[in-house]
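Let's take a walk through this protein together, going from the overall fold to a few local details. Have the viewer open as you read.

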Amino acid sequence: MAEIGVTLVVGNDGVAVITISNPPVNALAIPILAGLKQKFEEATARSDVKAIVVTGKGGRFSGGFDINVFERVHKTGDISLLPDVSVDLLINIIEDCKKPVVAAVEGLALGGGLELAMGCLARIAAPKTQLGLPELTLGVIPGFGGTQHLPRLVGLSKAIEMMLLSKPIMSEEGKNLGLIDDIASSQDLLNVSRLWALEIAERRKPWVRSLHKTDKIGSLSEAQKILRMAREQAKKTAQNMPQHQACLNVIEEGIVHGGYNGVLEEARVFKELVLSETSRGLVHVFFAQRATSKVPNVTDIGLKPRHMKKVAIIGGGLMGSGIATALILSNIYVFLKEINSEYLLKGIKAIKANVQGLVTRGKLTKDKAEKALSMLRGVLDYSEFKDVDMVIEAVIENIPLKQKIFSEIEKACPAHCILATNTSTIDLNLVGEKTNSQDLTIGAHFFSPAHVMPLLEIVRTEKTSPQTILDLMTIGKTIKKVPVVVGNCTGFAVNRTFFPYTQGSHMLVNLGVDVFRIDRIINNFGFPMGPFQLQDLTGYGVALATGKEVANAFPDRTFKSPLVELLVKNGRNGKNNGKGYYIYEKGSKPKPDPSVLSIIEESRRLANIMPGGKPMSVTDKEILEMILFPVVNEACRVLDEGMVVRASDLDIASVLGMSFPSYRGGIVFWADIIGPKHVYTSLKRWSEMYGSFFKPSRYLEERAMKGILLSEPASSSLKSRSKL
């Protein structure tokens with residue numbers, strides 16, 4: 001294993017090469033930063049050193065600051081754990097060094113890695129090196145001088161785009177913009193960088209500190225106009241996220257009062273933002289996503305994933321065609337089976353449209369699109385199933401039909417073939433009841449549209465083998481999904497946790513709250529759309545079918561709203577036919593439909609739950625809590641029953657599967673910030689007023705009473721009934 005640390009080697013040419021080694025991405029951990037400081041001081045003091053080159057070991061410059069430090073700050077609240085890098089190291093020691101410093105950059109220079117390179121007098125890069133400042137995705141701003149150096153090197157507009165959108169560029173574009181001074185092959189990178197450093201030392205190349213450059217900033221009025229437009233845009237696209245406006249303010253500080261003042265302001269604001277709830281939430285989501293790849297008794301017992309070359313999909317509807325698209329885009333051969341030629345052609349047409357859509361949006365080249373479509377073959381029987389590695393059943397939610405298919409594919413497929421179902425609610429034991437391959441039976445629950453949504457919920461039964469789980473996790477990662485392993489119950493982890501979201505919204509409407517007000521509040525909280533617009537989008541058939549499943553599984557806490565049935569009777573089916581809660585016209589945004597109000601009044605009359613027959617009086621905050629606290633309550637039951645490996649799995653699933661705002665950290669993390677006690681007392685009060693739908697779970701009550709966070713693992717005194 002490569003040694004972790006910073007080395008200094010002086011060549012016969014008088015160039016000191018300082019090398020960062022911290023695999024896999026040479027992260028700037030605190031000991032690495034201390035090592036850099038020490039080696040730079042040593043090189044500066046040595047009389048045999050004329051110039052300095054800084055580089056990274058193993059074909060990578062640096063992936064940036066060690067994010068584990070943020071997590072430690074969040075746990076302790078101790079901001080002094082963050083080192084003072086921008087002034088102490090980058091300006092005082094590197095940028096103001098009496099000897100020229102050149103960065104030899106390869107592979108990637110991201111975040112603090114790029115900021116380190118920008119503190120040097122020149123940057124030489126290998127081809128196709130990734131350069132970027134993605135700090136805003138973690139709720140902070142660049143903290144090692146990046147807000148000041150980048151605009152001075154690439155211009156203000158491009159710098160804002162790279163920072164606010166966390167959008168990296170390649171070294172070739174960097175050269176055109178002025179961020180990179182020259183491009184050299186990997187083999188020549190160090191030699192070219194050494195020569196460049198010596199030429200600066202001999203004054204044959206300019207000695208340019210990027211912090212002192214102003215030529216690319218433009219006039220003050222031009223700069224302020226660009227910043228004003230960026231602020232307006234950020235208000236629309238990054239509501240509730242303070243780091244975007246803070247980043248623009250810090251950039252402006254440097255333009256108005258000079259780069260050095262900008263760096264000082266950046267350091268102050270950076271520390272402020274690290275302690276913000278937004279940063280806590282986004283850093284938590286970052287680590288939660290990483291944690292999903294660790295599943296006890298699956299990933300830690302020495303198993304190796306089997307190579308999956310061919311996958312068969314049964315059903316070419318919305319889900320089947322989406323899953324097929326995701327697989328062929330990752331070079332996995334797909335057989336798509338349908339019951340007749342008409343349906344099969346429809347399915348293939350949908351897959352072609354998905355792929356063409358990516359080409360049109362510039363996300364896929366024509367060559368790659370043709371290659372992907374060549375991996376697809378349509379079939380009408382099981383004859384090609386004899387050598388497939390996995391079958392994914394994606395037909396309608398009908399138990400007898402699924403059971404029949406599973407019996408058929410068990411006979412048609414090889415003995416090692418994984419039998420997966422894309423059911424979103426049905427108990428897997430029922431689906432695979434009539435097969436002998438219980439160890440190979442598994443749930444592969446994709447979210448719609450399957451080729452776009454990043455979550456793959458992997459549902460295991462008590463008989464599913466660890467090898468089957470590992471193989472599906474591996475396929476999930478291959479097709480760029482985040483696989484989360486969950487237990488088997490109605491709705492599994494995600495749909496089960498979120499069934500009260502829709503039902504709570506419907507209860508509020510039947511209590512007299514305006515539909516469009518609810519959608520607005522949920523949207524302002526950070527969801528891309530409210531529950532009623534979402535219902536319009538998914539279609540009322542789905543709402544009615546899942547409502548029945550939930551009512552059968554959880555009759556003690558189900559609210560049955562008459563509203564959806566009334567909408568269907570009225571000839572509405574949401575976006576599918578252009579009429580739902582909203583009016584849908586081509587080329588314009590959905591508009592609230594005033595004519596739906598009379599149907600809502602009819603629903604209220606039938607539900608008859610308004611206290612004293614009058615609409616309830618409620619604040620926006622109460623509306624939000626009455627919709628989301630029952631979701632937290634069901635999440636507690638999911639945790640108590642051990643349906644997920646850890647609470648953070650439910651957090652990442654809520655973000656990637658239900659579009660819960662990532663900057664709030666996921667459903668359980670958010671509830672812990674609000675406080676379990678407040679969630680519990682609110683639910684208890686509402687359950688006394690409005691019934692058992694709001695009744696607090698045992699898990700929530702215990703934790704609220706004992707002052708324990710919902711996300712804390714069960715101790716011996718609070719044992720969960722783990723299914724995993």
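**A guided tour of the fold**

The protein chain holds 29 helices and 19 strands, where helices (H or I, at least four residues) and strands (E, at least two) are DSSP runs numbered from the N terminus. Please keep in mind that this is a predicted model: local features need pLDDT of at least 70, side-chain atom pairs count only at pLDDT 80 or more, and totals for chains, interfaces and linings use all residues. Residues are numbered from 1 along each chain as its sequence is written, and side-chain values use heavy atoms, with hydrogens and water left out.

Let's begin with the overall dimensions. The C-alpha atoms fill a box of roughly 85 × 65 × 60 Å along the principal axes. Of the 724 residues, 56% are buried. Here buried means under 20% relative accessible area, exposed over 50%, and partly exposed in between (1.4 Å probe, protein chains only).

Now find strand E10 (residues 310-314), where 4 of the 5 residues are buried. E10 pairs with strand E11 (residues 333-337) in the parallel sense over 5 bridges; two strands pair if DSSP finds at least two bridges between them. The chain gets from E10 to E11 through helix H13 (residues 318-328), in a right-handed β-α-β crossover. Right-handed means that, with the strands pointing away from the viewer, the path from the first strand over the helix to the second runs clockwise. In this pairing, Ile 314 stands opposite Lys 337 of E11. E10 also runs parallel to strand E13 (residues 390-393), joined to it by 4 bridges, and Ile 313 has Ile 392 as its bridge partner there.

Further along is strand E15 (residues 441-446), with 6 of its 6 residues buried. Both of its faces are covered: Thr 441, Gly 443 and His 445 are buried on one side, and Ile 442, Ala 444 and Phe 446 on the other. What are the senses of the pairings that E15 makes with E14 and E16? Strand E14 (residues 418-421) runs parallel to E15, with 3 bridges, and Thr 421 stands opposite Gly 443. Strand E16 (residues 455-459) pairs with E15 in the antiparallel sense over 4 bridges, with Ala 444 opposite Ile 458. In the loop between E15 and E16 you will find Pro 449. The peptide bond from Ser 448 to Pro 449 is cis, with omega near -5 degrees.

Two backbone angles also deserve a look. Arg 203, though not a glycine, has a positive phi of about 65 degrees. Arg 203 sits in the loop between helix H8 (189-201) and helix H9 (220-237), and is exposed, with a relative accessible area of 60%. Phe 492 also has a positive phi, near 55 degrees, but Phe 492 counts as buried at 0% relative accessibility. The place of Phe 492 is the loop between strand E17 (482-486) and H19.
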